[in-house]
Each structure stands twice: as structure tokens, then as C-alpha cells.
Amino acid sequence: MSLLKSLLSKNGESLLRTSMNKTAISRLFITKLHLQPTRCNSILHTPQNSIGNVDQGVKYTTDFRNYAINKENGEVLSYFHDIPLDLDLETKTANIVVEIPRWSNGKFEINTELAGNPITQDVKKGKVRFVKNLFPYHGYIHNYGAFPQTWEDPNTKNEELGLFGDNDPLDVCEIGSSICQTGDIKRVKILGCLALIDDGELDWKVIVIDTNDALSQELRDIHDVYVKCPGLLESTRQWFRDYKKPDGKPENEFAFNGKYKNQQETIEIIKECNASWQKLINGQVTSGKIPKTENVTFTNSPGHVSKFDTQILLENSSKPAAEIPSEVDKIYFCGGD
């Protein structure tokens, strides 16, 4: 009662009025932020507005490079370190870098060993690699890419599985309707993931969908993909199981009996891989195979540079793509249970 009397007193009324005004101002400020997000937040959530990419050399040869660039000044950025992950735990969204368009065969990936971490075509025995066509598919069955600022640590065992990571950014399969292009940066909703065991290493495959896709609002978790996209997850698992068989290799195996992890479990995996990357970028990883950590974003990191040598990295202008070998069109019948 004494508190109520105090509030009803002249001084109390003034105090209450001040408190209410502060609350109202706070709410107006929050509303303003929602209506007019800061430039920083806008860039993080829609990085394609400020980040572009440029091809160098001849596509489908060892000469090819695709670099991320800052549109404002034309400077090179690292796909691995300078593109923000921007994981939003409320909306379950993050940014991805597209490496391989759906239905294409070239095996492109963020190169963790070259300055600027461009996207290059994987090379084996001096030749660029193409994935085989597994009937009834052509090339990769999804837009394939990676989460920036994540790292599957090859030096630390997964506590649950006892397997080491594959030393690359965390892989993603984008299942939307549009066919993306190499170097695209997309805002995606996280849905679930599959634990592939590839040559004895843990290689997570995260299922996502572009937030601009019409189906995005209907997919809230991995279960909805089973309902709304019947056959997609089963086909994805079969494709990853069989895609090396045309090369005479055995089927790939999966952890957890090939069961997909749900959205929340997947987000925890992304957070773990982001934490591993943070240790990498901060110089806390000192043994084993260590990717290049040069970046222009984190000024206190050991690998920070004021800028990449853009003049040298972009001196090999883009040229017409090489002809894809005719054997890449061959169809292989390796599916089935």
C-alpha cells in the first residue's frame, strides 16, 4: 500500500509518467529498427546486395577461379572467412555460398588452400572432376554449396560418432525450385541434415531451402519435407550413397542408420562447426591440416590482411569455357536397394 501511495503522490505520479514515457520510447525505437533495419543488418541478411563474384580463367579447366568481390570497391573477399554466416536462431536461417548448380556435373568447391579462397573445380590426378549421372538424375540433384564461417574440424573427433571432420566448410543441399549459379550467396531456411561417412570422415549434408522460394513458408522442419516433397529425402540419401559407384568404389555409409536429423539438431551442428571455425580463424588450431585463414574482416585474427592482392588474383580474365568431355553425358544405372 505504501508503494501505491507513493506512486499516487505528486512525485510518484512524475516517476510513473517518466517510466511510462521511457517504455513508450523504447517500444518506438524497437519498431523503428524493425521498419528501418541498419545497413549492417541489411548487408548480413541480404549479402548479395553488397557482394558479387567474378570468374577468372577457363571454366572446366584447372585454370578456373571464381572469386567473391566487394561490389563497392572491387576488392576480393574470402568465400570461406569474409562472407557472414549470420545464423539467426529465431528464424532458423543463415547464408550459404552456392558452389554447384543443380543438374550440372562439374565438381566445384571453395578452395581452402588458395589465397582468397575462390571456388575452383576439384582436381584428381591432374584432371578436373565431374560427377557421374546416376539414372534418373543428371549431375547433382540439388543446388550444392557450403555455409561460410563453418569448418568440419579434421583434428577433433565427434563425441557421438568418434569420427573426424573432412577439413571443409559445412556442406548444404538447397532444395528450392530455382537453379542457382556458382558464387551465388543465398539466405536459406535450415530444415535438417544427413550424416554421411565419406572415406572414414564425417561429412554432414544440411538440407535447406531459399527463403525466397514459394515453398519456404510451408517447410518448418525436416518432417514437412517428407510431406510436401515426397521422395526428395529418400532420393537424396540414395544419391549420396551411390554417387561413387560408377568409379568402382563401394557405397557410402551413413551414421544414425541414414536417419535425417531435425531442424534443431541441425542448428546445433552448425553452431559447433561455426565454433570450430572461430578457433581456426583465431589461431587456436596449431596442428594437423590447417586451411588458409587470410581474411579482410577480423582485424585481430592472425590471418588478417588489409586487403588481398586483387590486381594479381584477378589478372587472368575470364575466357570461354572449355568443352565438357563427352563421357560426362554417360548415364549409369547404379541405383536401387
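Predicted model: local features only at pLDDT ≥ 70, side-chain atom pairs only at ≥ 80, totals over all residues.
D210 is buried, with 11% relative accessible area.

What does D210 pair with? The partner is K186, joined to D210 by a salt bridge with an N to O distance of 3.9 Å. The pair connects two strands: D210 belongs to β13 (residues 201-210) and K186 to β12 (residues 185-198), so parts 24 residues apart in sequence are tied together. K186 itself is partly exposed, at 23% relative accessibility.

Why can such pairs form? Side chains of opposite charge can pair when their charged atoms come close. The cut-off here is 4 Å from a Lys or Arg side-chain nitrogen to an Asp or Glu carboxyl oxygen. By that rule, the model holds 17 salt bridges.

K107 and E109 give another example. Their side chains form a salt bridge at 3.7 Å, N to O. Is K107 buried or exposed? K107 counts as buried, because its relative accessibility is 18% and the limit for buried is under 20%. E109 stands at 24%, so E109 counts as partly exposed.

Now turn to D242 and K245. A salt bridge joins their side chains, with N to O at 3.7 Å. D242 is buried, at 1% relative accessible area. K245 has 26% and is partly exposed.

How values were computed: Residues numbered from 1 in each chain as written. Heavy atoms only, no water. Buried < 20%, exposed > 50% of the residue type's maximum accessible area, 1.4 Å probe, protein only. Helix = DSSP H or I, 4+ residues; strand = E, 2+ residues; numbered from the N terminus.
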